[in-house]
Amino acid sequence: MSRGTLYDKVWDRHRVGTLPSGQDQLFVGLHLVHEVTSPQAFGMLEERGLEVARPDRTHATVDHIVPTADQSRPYADEAAEEMMSALESNVADSAIDFDDPTTGRQGIVHVIGPEQGLTQPGMTIVCGDSHTCTHGAFGALAFGIGTSQIRDVLATQCIALEKKQVRRIEVTGELGEGVTAKDVILALIRDLGTDGGVGYVYEYAGEAVESLSMEGRMSICNMSVEAGARTGYVNPDGTTYEWLRETDAFRDDPERFDRLREYWESIRSDADAEYDDVYELDGSALEPMVTWGTTPGQGVGISDPIPDPEDLPDGKREVAARAQEHMRVTPGETMEGYPVDVAFLGSCTNARLSDLRDAARVVRGREVHPDVRAMVVPGSQRVKAAAEAEGLDDVFREAGFDWRAAGCSMCLGMNEDQLVGDEVCASSSNRNFVGRQGSPEGRTILMSPAMVAAAAVTGEVTDVRELPEVAVA
Ligand SMILES: CC(C)[C@H](C(=O)O)[C@@H](O)C(=O)O
Ligand code: SF4
């Protein structure tokens, strides 16, 4: 078992007991709630006549079902309206802070926590959502949980969890031009597999990770769950503290910031920490990644050949063949030139301000290809407002992108933003599962925001490094 890691330290500090099952009970510092997975849990509490134990440590938003075009109430989609109303009444009954769309703070749950400074190093964070691992970018232990666990946390502010092993993922070197955090995590999942992390928590480290912005670290941690890991994290450092200092939580309270910073420093993994496993990835050797299949692990460098299923190990062969049939790709070829119908810039992986900036840099002075419908769905209302303040909305609109309201949108198609028929989507999201974006025949290709922008303007999968910035007067 690992020793001296952030994981061990934060775990120990939050342990309130050990259950006969061997699981530890941890106190939960922050419980994030959204409309999809919470209604049943609130219902179970009500049935038992229980109250929410710590509304002050519970925070809600609405993201999956919100329409990103017309948000007038009642929502056109009855199921969406029902979920929204249920959340509204649940948070009102329990006096839980709720970032509804009238607050200017609404957005994807994994975007709003970090941007408001709710997400802090050394915290335990849970949410009924698998991508809760995103918050690990701040050095928090963040776990996606199921409905019965949401009920438990609402009622007790504690969660029963089993301790995992820690694998240090050391990303060495410097990332090349056009290579982003998204490419790092797609390459890692290609190498270790979507089940490679089972039984582990991933600690991301090394020069390439440490030199990333918080947004980049979030993109990596976000996809820990796609790597099979229980969660992932990055040790907090100067970059983390700079981000936090500017958030609502600390902007006006530098003393509290200084006090907490001592704690944050203390929970960093020790220099001589012991890991259960270490994996090294050469960041300098990576190129922009795209997926060719129907799992996030089926990815390849933009100039690398799509693998032949015959060359893959036993367990992967059939799945790969099926994926290639669905995607209609040919082994031996590259993904470059693969025609694209839709460009989706959004999701909790890649819809933060820096992601929008990256994409805008490619789009500026260009036009969306006539055969492509392209949309930007900012991760939160604040991201949207910040992007508008620097004119990014104009860049996207002038190029022919739709500029939408914040939400999960086409990441999973729980609102009206869906693929039609066998459309191909260049997507900055995290899952390319069959049917994920609303159509069973739809085809999703995962890539970085800049690569989505490149595909939008050329109408095909394109190496963004070959599309230099256009000089605009
Ligand atoms: C709806 C929710 C439960 C789900 C998740 O847990 O991840 C969603 O956010 C997703 O990305 O598939
Ligand atoms: S943006 Fe996508 S991955 Fe993230 S929480 Fe929403 S549906 Fe899940």
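Because the model is predicted, local features are reported at pLDDT of at least 70 and side-chain atom pairs count only at pLDDT 80 or more, while totals for chains, interfaces and linings use all residues. Residues are numbered from 1 along each chain as its sequence is written, and chains are lettered from A and ligands numbered from 1 in the order in which they are written.

The chain is assigned to domain 1 (6-161), domain 2 (165-236 + 263-285) and domain 3 (289-463), with bounds taken from an automatic or database domain assignment. Between the C-alpha centres of domain 1 and domain 2 the distance is 25 Å. To their contact, domain 1 gives 21 residues and domain 2 gives 22 residues; two residues are in contact if their C-beta atoms, placed from the backbone, lie within 7 Å. On the side of domain 1 that touches domain 2, two or more residues each come from α1 (6-14), α4 (109-116) and β7 (141-144). Helices (H or I, at least four residues) and strands (E, at least two) are DSSP runs, numbered from the N terminus. This side of domain 1 is made up of 12 nonpolar, 8 polar and 1 charged residues. Here Ala, Val, Leu, Ile, Met, Phe, Trp, Tyr, Cys and Pro count as nonpolar, Asp, Glu, Lys and Arg as charged, and the others, Gly among them, as polar.

Strands β1, β2 and β8 form an open sheet of 3 strands in the order β1-β2-β8, with antiparallel pairing; two strands pair if DSSP finds at least two bridges between them. Strands β1 (15-18) and β8 (158-161) are at the edges and have a single partner strand each, so one side of each is left without a neighbour in the sheet. On average, neighbouring strands of this sheet are turned by 25° against each other, direction ignored. The antiparallel pairing of β1 with β2 (residues 24-27) extends over 3 bridges, and Thr18 is opposite Asp24 in β2.

A parallel open sheet contains 4 strands in the order β11-β10-β9-β12. Its edge strands, β11 (232-234) and β12 (277-282), pair on one side only, and the twist averages 25° from one strand to the next. Strands β9 (residues 165-172) and β10 (residues 200-205) run parallel and are joined by 6 bridges; Arg168 has Glu203 in β10 as its bridge partner. Helix α6 (residues 181-192) packs on this sheet, where α6 touches β9 and β12, and its direction makes about 125° with that of β12. Helix α8 (residues 214-222) also packs on the sheet, touching β10 and β11, with a direction at about 160° to that of β11. For these angles, axes are lines fitted to C-alpha atoms, for helices over the stretch in contact, and angles run from 0 to 180 degrees between N-to-C directions.

Around ligand 1 are Val36, Thr37, His64, Asp129, Ser130, His131, Gly144 and Leu412; a residue is near a molecule if its C-beta atom, placed from the backbone, lies within 6 Å of it. This shell contains 2 nonpolar, 5 polar and 1 charged residues. Ligand 2 has 13 residues around it, of which Ser347, Cys348, Cys408, Cys411 and Leu412 come nearest. The shell of ligand 2 comprises 5 nonpolar, 6 polar and 2 charged residues, and at least three residues come from each of domain 1 (6-161) and domain 3 (289-463).

An unreviewed UniProt entry places the feature "binding site" at Cys348, Cys408 and Cys411. These positions are spread over 64 residues of sequence but cluster in space, with a largest C-alpha distance of 8.8 Å. UniProt positions are given in the numbering used here, feature names are shortened, and annotations may be inferred rather than shown by experiment. Cys408 is located in the loop between β17 (402-403) and β18 (424-427).

Most residues other than glycine have a negative phi, and most peptide bonds are trans. Ser347, in the loop between β15 (342-345) and α12 (353-363), has a positive phi near 90°. The peptide bond from Arg73 to Pro74 is cis, with omega near -10°; Pro74 lies in the loop between β4 (58-61) and α3 (78-94).
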